[in-house]
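Please read it with the model open beside you.

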Amino acid sequence: MGKVFAFHGGIHPPENKKQSTRTPIRDMPLPKVLYIPLQQHIGIAASPVVNIGDRVLKGQMIAEPVGRISAALHAPTSGIIRSIGPHPVPHASGLDSDCICIETDGKEEWVEHHGLEDYTRLEPGTLIEHIRQCGVAGMGGAGFPTDVKLHLGDNHIVNTLVINAAECEPYITADDMMMRERADEILGGIKVISHLLKPSHIMIGIEDNKPQAIHALEAALKGCELNIDIRVVPTKYPSGGERQLIKLLTGIEVPSGRIPADIGIVCQNIGTTAAIYRAVHFGEPLISRVVTVTGDAVAQPQNLNVLIGTPFADLLDASGVYENKLYRLVMGGPMMGVTVEHDQIPVIKTTNCIIAASTDEMPPAPPEQPCIRCGMCEQVCPAELLPQQLYWFAKGREFDKAKNHNLFDCIECGACAYVCPSSIPLVQYYRFAKSEIRTEETEQRKADHARERFEARQARLEREQAEKEARRKARAEEAARAQQARKTASETPVAETGSAAAVTAAPVDVKALKTAAAVARTKLKKARTALKNAEDKGLDGIDTLRITVTTLEQKADAADQAYKDAEASTVPEQAAAPAVDLKTLKQQVSIMRTKIKKAETALAELDGEARAQAEQDLSTLRQRHEEADKAFKAAEQAQIDAAAAQGVDLKKLKIDAAMARAAVTKLERSLAKTEEDEARAALEAELAIARAKADTLNNTLKQHEPA
Amino acid sequence: MSLIRMSSPHVYKTNTTANVMRLVLLATLPGIIAMTVFFGWGTLIQLVWAGALAVAFEAIILKIRRRPLGFYLSDGSALVTALLLAVAIPPFAPWWVTAVGIFVAIVIAKHLYGGLGQNPFNPAMVAYALLLISFPVEMTRWSAPFVLNGEGWPVASFFDTLGAIFGSVDSVWYDSFTGATPLDELRHRGGLTNEEAWRQSVVLSEGIGAWHAVSAAWLMGGIFLLYRKIITWHAPISMLLALAICSAMFYGYDPDNYAGPFFHLSTGATMLAAFFIITDPVSSATSNRGRIIFGAGIGVLIFIIRTWGNYPDGVAFAVLLMNLAAPFIDIYSQPRSYGHSKANKGQGGKA
């Protein structure tokens with residue numbers, strides 16, 4: 001037996017364990033109905049794989065795990081699925097949750113199941129998957145799926161396995177009785193865990209108030225090849241708390257916010273080890289557990305082997321409950337258990353005890369008195385916190401200070417509230433503060449998220465604005481340059497770039513028009529709805545609304561019309577698209593011509609093999625040139641044809657345009673020379689006509705030929 | 001089936017504030033007996049008078065504050081305050097001095113700050129300091145121990161004492177039953193060395209045994225409280241140690257002019273303060289480490305005030321000064337919590 005360390009604080013409440021250890025574990029008579037909650041632990045609820053009306057066999061899977069932290073559920077006995085839906089469950093919230101309801105048929109017909117022949121020869125993954133499929137979950141506290149803990153060996157070095165047999169809460173004797181009667185199964189389970197995690201050291205932590213259990217374990221351990229230590233720890237609540245037990249056995253503290261595996265320790269409850277044993281050696285899923293039924297309000301306090309899903313009422317009946325004495329029904333121990341208000345609440349995988357307490361046994365808490373800062377809470381706090389400071393902070397909603405005083409290291413063991421001379425329900429204050437802080441943090445996260453999104457949107461809008469601005473500037477500059485160019489080439493007054501700008505502007509206009517039309521339509525729709533609403537309810541201002549609707553109708557029509565017109569007018573411009581191709585084709589042809597010329601020059605200087613190669617290249621080039629030329633000409637012809645099809649002779653048009661331009665120039669010159677007013681006026685009139693003609697011709701020409 | 005829903009835990013230790021106060025009252029018994037034996041009936045009369053006043057004031061103020069009378073009166077905290085003040089003031093102090101003191105303690109120092117658990121200063125010490133400053137004559141008229149008055153148990157008779165407290169008596173009458181305390185003697189010894197003062201003063205040479213005995217009685221009560229886990233050892237032990245170390249250092253340096261550690265520990269209100277006054281949880285530091293600092297501060301301050309201050313004893317002022325510092329000490333004396341490599345300091349957050 002190794003050294004046992006100590007943890008700070010702790011209390012010695014009356015144990016009340018003797019009552020329920022007088023008789024051996026008894027099997028419960030089969031209940032008529034079982035309610036199996038889909039969620040019995042943190043993580044994700046299992047998903048049902050049976051339907052209402054199905055007949056299920058004992059041990060058949062009825063819900064499969066979803067995701068990593070989730071546990072399978074199995075039918076505890078054979079029967080018919082009656083319903084799947086909300087039913088009261090054992091949870092502090094008192095809320096209903098989804099349960100599978102099985103009506104038992106009393107036949108206890110097992111599904112085909114068999115154990116693993118030699119688990120030591122299996123892949124660890126396969127073995128763990130088998131345990132997962134058997135729905136094994138922690139049977140001490142939180143009901144954490146066991147397979148997740150068994151995987152810890154993958155990414156942690158586990159050197160110590162701690163088996164939690166402390167059972168420090170008063171009243172509870174389920175683990176005690178298990179050890180007395182099923183030490184072999186427990187040892188078998190430990191062997192499986194040890195095989196998977198390969199710890200160098202295994203410690204069973206057990207309080208010194210269970211001498212018979214210690215004896216049974218020692219007897220079972222005889223001849224065991226594993227390095228297992230039974231460490232007897234002094235009876236003190238909460239020595240069974242995971243972190244407290246680790247401190248007791250190893251002297252090491254689990255760092256705040258970390259898990260024991262981070263310091264190479266894995267903790268398993270003693271009940272879980274037995275469940276693992278049965279799963280591995282017999283293929284039996286976790287469908288029953290030992291539950292202590294005790295308290296002053298039952299005639300026969302005892303430990304029962306109970307099917308998961310059995311309503312509390314059946315357990316109480318089996319133990320002879322005094323209905324008139326029953327005041328408070330607690331699931332779990334008196335320190336951390338939760339009260340249940342409903343006796344149809346079922347036993348789940350973590351239900352280790354049910355206390356049917358009388359008023360004398362668990363009287364209502366006396367009224368809360370002012371805190372006198374006596375500090376007794378600090379003396380007993382196993383997490384070494386300052387409970388009364390936390391209380392003041394929780395009361396004053398000073399959550400930052402509470403966090404700074406390590407509120408989240410509180411394990412809610414209730415030792416502080418137990419000793420408080422002012423009867424302050426301290427644990428409730430901490431729960432309140434914790435939930436407030438959690439809510440605050442969630443909201444903060446949400447707000448941060450929203451802010452980030454808003455900022456991103458703002459940045460995007462700014463960027464778009466800047467880009468738009470840059471584009472507008474570029475266009476303006478180009479226009480200015482064009483203006484300049486027109487000025488310098490004033491002899492040939494051809495509007496070149498202006499129309500180009502107009503062409504690019506046109507699609508934007510179409511888009512804007514489309515949006516405008518859509519907006520107008522939406523507005524109209526809204527106005528119509530409002531009008532209808534107003535008519536239905538006989539509200540005031542119907543007339544105004546009607547007028548608005550008519551106006552909007554007109555507007556929408558106008559917008560639609562404008563959009564359609566604009567769209568129609570852009571179509572011929574789209575026809576000009578191949579013109580771009582023509583230009584590139586022309587360029588390509590000229591590039592190739594240059595290449596050919598270069599190649600010919602190079603060819604003259606070459607001889608031998610290189611020459612042959614070059615000649616080959618040249619011929620390919622020529623071929624390509626011809627092709628390109630042909631394509632170009634074809635495109636040009638197509639354009640001319642297209643123009644001709646519209647009744648325009650492109651060539652004639654060109655000539656006409658040139659002549660008109662020449663006439664304009666001529667007139668301008670003569671205007672510059674003439675000094676008589678009359679003659680000037682006549683010339684100016686002529687010039688205006690000539691210009692108009694030239695512009696028209698130019699425009700027509702532009703429509704058929706790219707600029 | 002109608003069952004109740006309750007938050008855990010479901011069991012409580014039967015240990016109420018009233019219980020704590022009752023045990024504190026019980027623990028003062030040896031001290032009260034010793035004081036009565038050595039200084040006469042005055043202490044007992046003051047106790048009863050102060051207790052009655054305290055309950056009356058508490059009831060009135062609770063009524064004004066519209067608090068449930070029975071619920072708050074039964075916690076016994078007013079009685080403890082009254083008791084501490086009654087044993088601190090001289091046994092022959094006139095009735096109105098006690099009345100003023102109790103009024104200040106209960107009404108001003110306690111309830112004006114919000115009642116039980118909210119007062120930053122120890123109510124009894126606030127009252128004592130106020131009385132000492134306001135009524136120096138009455139507050140320094142300490143009875144002489146009976147051993148100085150002659151054979152037998154020659155204390156002032158019960159009715160004489162009653163008359164002295166509630167009526168008026170000749171100042172000559174006072175002279176025959178009152179005298180300087182050892183701390184007074186040492187304070188006002190002129191240029192005498194310790195040894196000379198001892199030889200000259202009857203109080204120091206013969207009467208000091210009374211103070212030793214009373215101190216021992218308070219110590220007994222303190223040990224009882226420690227045993228019953230009503231108080232922790234941190235504040236008392238650190239205060240006594242600090243006082244002993246300070247006095248030992250100066251005594252070792254100059255034994256003629258400074259009193260020794262034993263003298264400091266066994267006279268005046270040292271023991272009463274250590275176990276009954278600075279352990280008042282409301283106004284002291286709260287963590288164990290904080291209480292050590294708190295107690296040590298008081299010990300040092302007592303020595304400083306006794307040695308260089310204007311008053312022969314400095315417990316009240318020392319306690320009040322450290323009461324001021326208690327919240328600050330609390331902020332910087334958090335314990336290291338489980339799973340943390342070091343203790344947090346400061347308030348955290350924006351404070």
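1. Start with a term. Two strands pair if DSSP finds at least two bridges between them. Helices (H or I, at least four residues) and strands (E, at least two) are DSSP runs, numbered from the N terminus. Strand β4 (residues 55-56) of chain A meets this rule with strand β7 (residues 79-88) of chain A: 2 bridges join them, and they run antiparallel. A:Val56 stands opposite A:Gly79 in β7(A).

2. Some ground rules. The model is predicted, so local features need pLDDT of at least 70 and side-chain atom pairs count only at pLDDT 80 or more, while totals for chains, interfaces and linings use all residues. Residues are numbered from 1 along each chain as its sequence is written, and chains are lettered from A and ligands numbered from 1 in the order in which they are written.

3. Stay with β7(A). Strand β8 (residues 96-104) of chain A is joined to β7(A) by 9 bridges, again antiparallel. There, A:Gly85 stands opposite A:Cys99 in β8(A).

4. Chain A also has an open sheet of 3 strands. Its order is β3-β5-β6, with antiparallel pairing. Which strands are at the edge? They are β3 (47-48) and β6 (73-74), each of which pairs on one side only. Strand β5 (residues 61-64) of chain A pairs with β6(A) over 2 bridges. A:Met61 has A:His74 as its bridge partner in β6(A).

5. Now chain B. UniProt, in an unreviewed entry, places the feature "transmembrane region" at several stretches of chain B, including residues 44-62 and 234-253. UniProt positions follow the numbering used here, feature names are shortened, and annotations may be inferred rather than shown by experiment. Residues 44-62 of chain B are 100% helix and 0% strand, with end C-alpha atoms 27 Å apart. Residues 234-253 of chain B are also 100% helix and 0% strand, with end C-alpha atoms 28 Å apart.

6. Look at helix α2 (residues 29-39) of chain B. Its buried residues include B:Pro30, B:Ile32, B:Met35 and B:Phe38. A residue is buried if 20 or more other C-beta atoms lie within 10 Å of its own, exposed if 12 or fewer, and partly exposed in between; C-beta atoms are placed from the backbone. Among the elements that cover the buried residues of α2(B) are α3 (42-64) and α13 (202-227) of chain B. B:Gly40 follows α2(B) and has a positive phi, near 95 degrees.

7. UniProt lists B:Thr181 for "modified residue: FMN phosphoryl threonine" in an unreviewed entry. B:Thr181 sits in the loop between α10 (171-177) and α11 (182-187) of chain B. Why does B:Thr181 count as buried? Because B:Thr181 has 25 C-beta neighbours inside 10 Å. Leaving aside neighbours within four places in sequence, B:Thr181 is in contact (C-beta atoms, placed from the backbone, within 7 Å) with B:Trp142 and B:Pro312.

8. Last, the two chains together. 54 residues of chain A are in contact with 40 residues of chain B. α12 (399-404) of chain A is one of the elements that give two or more residues to the side of chain A that touches chain B. α12(A) gives the most, with 4 residues.

Terms used: Two residues are in contact if their C-beta atoms, placed from the backbone, lie within 7 Å.
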